[in-house]
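Let's walk through this protein together, one topic at a time. Have the structure open beside you as you read.

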Amino acid sequence: MPQIPPESRPSVDALRADAVSFSYANGRPVFDRFSLRAKPGEFVAILGPSGCGKTTLLNLLSGFQQPQAGHIHINNAPVRPERAELGYVFQGPQLFPWLSALENVRFGLRMARQGSVAEQREKARSYLRLVGLEHAALRLPRELSGGMQQRVSLARTLALEPGVLLMDEPFAALDAISRAAMNEEILRIWAQLGQTVLFITHDIDEAVFLADRVVMLNIAPGGIHSELQIDLPRPRNNLQTRRLSAFLDYRNTLMERIASVMAQSENAIQP
Ligand SMILES: Nc1ncnc2c1ncn2[C@@H]1O[C@H](COP(=O)(O)OP(=O)(O)OP(=O)(O)O)[C@@H](O)[C@H]1O
């Protein structure tokens, strides 16, 4: 299925945070009237220095944390963690070690009581196929590499067919080669399924390679430092895209911006 062109996407924002303020019980504010929007089918990468609030933001967007002020909507309705439109992929694969790859993917479908056992197995198998792992369906997690485990975890999330995917550094634990392969893989899958993606990363190259738009966060509670639209052609691939001069320009722009955020953070902690 081709990627949904921006002009034919519905006009309602898939994800909307409006004037969100949040502090932990014992801490300083992390967000103060923070706003962010993502259009249906948009791939948004969130970049920012350690401690700026990326994980907190994902917890707020998913409804796991409640803001003290402001509103968060997914497809125009208030967010709740159990909303079926939301899917999460975390840094670690978090698979059940005693279940095969197939049964790990089927797990979410079982919990959601979607269809018969045979239908669940069929669907789980089709999502394993999508991530290139049908041949490993009966293997246990310990018989899979780290990259394969992360693919199973991705298939498990995708099998629930969420319209909005929240990804918190999903490939951070992988070696550079597996990570680059997974970057291509996620773009191939996204082009087929067309979800709205919010992808948190520390990695500037990964953000440029994947995203339609990169949102740079300030140190907390600074909110958004800046946004950068990434107009690299799609489909993107590791060999060609990463050597484009425009890719390097985007990367350098983001490097400069992150340096400015870091400089502000150093100034902020000076006595
Ligand atoms: N449970 C908590 N209780 C109190 N403060 C917290 C809690 N979790 C995070 N914080 C603080 O909130 C701020 C944002 O943390 P968060 O983990 O969201 O940042 P991050 O950008 O994801 O960091 P990293 O990139 O290092 O994972 C930090 O100052 C952190 O110390």
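## Around the ligand

In this predicted model, helix α1 (residues 54-61) gives the largest share of the shell around the ligand, namely three residues. The shell has 13 residues in total, and the closest are Tyr 24, Ser 50, Lys 54, Thr 55 and Thr 56.

What kinds of residues make up this shell? Sorted by class, eight are polar, four are nonpolar and one is charged.

## Two domains

Now zoom out to the whole chain. The protein chain is divided into domain 1, made of 7-85 + 162-269, and domain 2, made of 95-161. Their C-alpha centres lie 26 Å apart.

Where the domains touch, 12 residues of domain 1 are in contact with nine residues of domain 2. On the domain 1 side of this contact, 10 residues are nonpolar, one is polar and one is charged.

## The nonpolar core

Next, look for the largest nonpolar core, which has 66 residues. Val 44, Leu 61, Ala 155, Leu 198 and Phe 199 have the most contacts inside this core. Why does the core lie between the two domains? Domain 1 and domain 2 both give residues to it, so it lies between them.

Which residues does Leu 198 contact, leaving aside its neighbours within four places in sequence? They are Leu 15, Ala 38, Val 44, Ile 46, Leu 61, Leu 166 and Met 167.

Methods
Residues are numbered from 1 along each chain as its sequence is written. This is a predicted model: local features need pLDDT of at least 70, side-chain atom pairs count only at pLDDT 80 or more; totals for chains, interfaces and linings use all residues. A nonpolar core is a set of buried Ala, Val, Leu, Ile, Met, Phe, Trp, Tyr and Cys residues joined through C-beta atoms within 7 Å. A residue is buried if 20 or more other C-beta atoms lie within 10 Å of its own, exposed if 12 or fewer, and partly exposed in between; C-beta atoms are placed from the backbone. Domain bounds come from an automatic or database domain assignment. Two residues are in contact if their C-beta atoms, placed from the backbone, lie within 7 Å. Ala, Val, Leu, Ile, Met, Phe, Trp, Tyr, Cys and Pro count as nonpolar, Asp, Glu, Lys and Arg as charged, and the others, Gly among them, as polar. A residue is near a molecule or strand if its C-beta atom, placed from the backbone, lies within 6 Å of it. Helices (H or I, at least four residues) and strands (E, at least two) are DSSP runs, numbered from the N terminus.
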